[in-house]
Amino acid sequence: MKEMQAKGFRPEFLGRVDERISFLPFTLEVCRQIVDSVLDKEIEKIRKLKGVMIEVTDKARQFMAHKAFGRSLDEGARGAPRAVNEFIVTPVIDILAEELAEGAEAPAHLLADLKGLDQVVLETLK
């Protein structure tokens with residue numbers, strides 16, 4: 001897509017084309033690799049911007065890979081960033097916003113772990 005943008009195609013057009021593309025399903029292993037890559041980039045961004053360290057357990061990473069895998073037929077690789085945003089990025093933003101609203105300092109270290117069968121929970125580590 002970046003090559004097409006460089007050739008002058010507008011993002012709006014590319015977004016519409018992207019919606020119409022059919023994808024071959026990924027394996028769960030490939031989904032895990034994509035989730036790990038996206039997750040590591042997002043964690044690094046949050047660390048640089050807010051100074052918050054985030055650890056994500058293997059169980060939580062595997063859960064997000066399963067979610068991305070389930071979406072891969074319809075969404076291709078887009079399911080991985082969506083899973084990371086849903087289970088990590090958005091909850092981290094919510095935690096940081098809540099801390100700021102209360103006048104408290106942002107947590108320095110968070111742990112994301114799978115609780116039950118379908119919930120990734122962020123806990124503050126001291």
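**Exercise 1.** With which residue does aspartate 36 form a salt bridge, and how far apart are the closest N and O atoms?

*Solution.* The model is predicted: local features need pLDDT of at least 70 and side-chain atom pairs count only at pLDDT 80 or more, while totals for chains, interfaces and linings use all residues. Residues are numbered from 1 along each chain as its sequence is written, and side-chain values use heavy atoms, with hydrogens and water left out.

Step 1. A salt bridge requires a side-chain nitrogen of Lys or Arg within 4 Å of a carboxyl oxygen of Asp or Glu. Aspartate 36 meets this rule with arginine 32, the closest N and O atoms being 2.9 Å apart.

Step 2. Both residues lie in helix 3, four residues apart, about one turn of the helix. Helices (H or I, at least four residues) and strands (E, at least two) are DSSP runs, numbered from the N terminus.

Step 3. Arginine 32 also forms a salt bridge with aspartate 58, with the closest N and O atoms 2.6 Å apart. This second pair links distant parts of the chain, since aspartate 58 belongs to helix 4 and arginine 32 to helix 3, 26 residues apart.

Step 4. A network of salt bridges links Arg32, Asp36, Asp40, Asp58 and Arg61.

**Exercise 2.** Determine whether arginine 32 is buried or exposed.

*Solution.* Buried means under 20% relative accessible area, exposed over 50%, and partly exposed in between (1.4 Å probe, protein chains only). Arginine 32 has 15% relative accessibility and therefore counts as buried. Aspartate 36 is buried as well. By contrast, lysine 115 is partly exposed, because its relative accessible area is 34%.

**Exercise 3.** Classify the aromatic pair formed by phenylalanine 63 and phenylalanine 87.

*Solution.* Step 1. Rings of Phe, Tyr and Trp (its six-membered ring) pair if their centres lie within 6.5 Å; planes under 30 degrees apart count as stacked, over 60 as edge-to-face and the rest as tilted.

Step 2. The structure holds one such pair. Its centres are 5.1 Å apart with 80° between the planes, and the pair is edge-to-face.

Step 3. Phenylalanine 63 lies in helix 4 (residues 58–75) and phenylalanine 87 in helix 5 (residues 79–101), 24 residues apart.

Step 4. Phenylalanine 63 counts as buried because its relative accessibility is 9%; phenylalanine 87 counts as buried at 10%.
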